[in-house]
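This report describes selected features of one structure, arranged by topic. The sequence and the model come first, and the description follows.

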Amino acid sequence: MERWKGRVALVTGASVGIGAAIARVLVQHGMTVVGCARSVDKIEKLAAECKSADYAGTLVAHKCDLTNEEEILSMFSAIKSQYQGVDVCINNAGLAHPEPLLSGKTDLWRNMINVNVIAMSICTREAYQSMKMRNVDDGHIININSMSGHRVIPSSATHFYAATKFAVTALTEGLRQELREAQTHIRATSVSPGLVETEFAFRLYNNDPEKAAATYENLECLKAEDLASAVVYILSTPSHVQIGDIQMRPTEQRT
C-alpha cells in the first residue's frame with residue numbers, strides 16, 4: 001500500500017457500513033479520501049476520528065446525491081480543483097427496496113437502477129477520464145458488488161436488486177475489457193460479499209425491524225472491516241496482477 005500514500009481515493013456511500021470502513025482503512029494507509037453521501041454528518045465525524053487517531057491520510061466529506069448526475073459531475077470538478085483528480089474510485093454506494101417483480105413499485109425499481117447501475121457507471125467514467133487526463137496509468141476502480149450479482153435466491157424482495165447487481169458483474173468485466181482496449185494499466189475489480197452485518201437489512205426491511213435483525217442472527221456474518229481488508233488486498237497486488245472479482249461469504253452461509 002506504500003505506493004498509494006498521498007494519492008486520492010473517492011469512496012461513494014461513505015457515511016456508514018462498508019463505505020465508512022473502507023474510507024477509514026485507506027486514510028490509515030495515508031491516502032486522501034473523499035467520502036461522499038447524501039448526508040455528510042457521519043463522514044465528518046469519522047474524519048475527526050481519523051484526525052484524532054493521527055492517521056497518515058485525510059478524510060474529506062463531500063455531499064452528493066448520486067441520483068443527480070449534475071451533483072456527481074460537480075463533485076469530480078471539486079476534486080479536480082482541490083486534489084488534481086482521482087487515482088482510486090471505490091463505487092460502494094448501493095441500495096435495495098423489497099419490490100417484487102410481480103407487484104413492485106416502478107419508482108423504487110428505477111431508484112435501484114439509478115444508484116446501483118447508472119451512478120456507478122457515471123463515477124467510473126469520470127474517474128477514468130480524470131486518470132487519463134493526468135496520465136495516471138496505475139489507477140484502480142473497485143465496484144462493491146454482491147453475491148446477488150452471481151446467483152438468484154428464492155426471495156421476491158431481492159429479485160430486482162439482484163438484477164442490478166448482475167449488471168455490476170457485467171459492467172466490471174466490460175470495464176476491464178475496455179481498459180485493455182485503451183492500452184492502459186488501470187485495473188477494474190469487483191468485490192462480491194454475501195451477508196455483511198451493516199444497516200443494509202434494516203434499510204431493506206425498514207417497516208419490519210424484527211425481520212431485519214433476524215437476517216443477521218442465525219450465523220456469524222461478515223463485518224464491514226472484512227470488505228475493507230479485501231480492498232486493501234486488491235490495492236496491494238503487483239501491477240501485473242488483475243483481480244477480476246473476490247467472492248466472499250460468511251463461512252456458515254449456504255446460498
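Is Ser146 buried or exposed? Ser146 is buried, because its relative accessible area is 8% and buried means under 20% relative accessible area, exposed over 50%, and partly exposed in between (1.4 Å probe, protein chains only).

## Basis of the description

This is a predicted model, in which local features need pLDDT of at least 70 and side-chain atom pairs count only at pLDDT 80 or more, while totals for chains, interfaces and linings use all residues. Residues are numbered from 1 along each chain as its sequence is written, and side-chain values use heavy atoms, with hydrogens and water left out.

Helices (H or I, at least four residues) and strands (E, at least two) are DSSP runs, numbered from the N terminus. Contact means heavy atoms within 4.5 Å. A polar contact is a pair of N or O atoms within 3.5 Å; within protein, one must be able to donate a hydrogen and the other to accept it, and residues adjacent in sequence count only if both atoms are side-chain atoms.

## The loop between E5 and H5

Ser146 belongs to the loop between E5 and H5. A polar atom of its side chain lies 2.9 Å from the backbone nitrogen of Ser148. Not counting residues up to four places away in sequence, Ser146 touches Tyr161, Lys165, Val191, Ser192 and Pro193.

Thr158 is in the loop between strand E5 (140-144) and H5. Thr158 has a relative accessible area of 13% and is therefore buried. Leaving aside neighbours within four places in sequence, Thr158 is in contact with Ile153 and Leu204. Thr158 and Leu204 are 46 residues apart in sequence, and their C-alpha atoms are 9.1 Å apart in space.

## Thr172 in helix H5

Thr172 has its place in helix H5. Its relative accessibility is 3%, so Thr172 counts as buried. A polar atom of the Thr172 side chain lies 2.7 Å from the backbone oxygen of Val168. With neighbours within four places in sequence left aside, Thr172 is in contact with Asn143, Ala188, Thr189, Ser190 and Gly244.

## The second largest pocket

On a 1 Å grid over the protein atoms alone, a pocket is an open set of points where a 1.4 Å probe fits, with protein on both sides within 12 Å along at least five of seven lines; lining residues have an atom within 4 Å of a point. The second largest pocket holds about 290 Å³ of space, where grid points are joined across faces, edges and corners and a volume is the space filled by probe spheres set on the points.

Its lining has 14 residues, of which Thr124, Arg125, Leu171, Leu175 and Glu178 lie nearest the centre. Helix H4 (106-133) and helix H5 (159-181) are the elements that give two or more residues to this lining. The lining divides into 6 nonpolar, 6 polar and 2 charged residues. Here Ala, Val, Leu, Ile, Met, Phe, Trp, Tyr, Cys and Pro count as nonpolar, Asp, Glu, Lys and Arg as charged, and the others, Gly among them, as polar.

## Cysteines

The structure holds 0 disulfides, a disulfide being a pair of cysteine sulfur atoms within 2.5 Å. Cys89 is in no disulfide, and the nearest cysteine sulfur, that of Cys123, is 5.5 Å away. Cys89 counts as buried because its relative accessibility is 0%. Cys221 also counts as buried, at 6% relative accessibility.

Most residues other than glycine have a negative phi. Asn135 is not a glycine, yet has a positive phi of about 60°. Asn135 lies in the loop between H4 and E5 and, at 70% relative accessibility, counts as exposed. Gln183 has a positive phi near 55°. Gln183 is found in the loop between H5 and strand E6 (187-193), and is exposed with a relative accessible area of 72%.

Thr67 lies in the loop between strand E3 (58-63) and helix H3 (69-83). Thr67 is partly exposed, with a relative accessible area of 39%. The side chains of Thr67 and Asp65 make a polar contact at 2.7 Å. Not counting residues up to four places away in sequence, Thr67 touches Asn111, Asn114 and Val115. His29, in the loop between helix H1 (17-28) and strand E2 (32-37), counts as partly exposed at 32% relative accessibility.
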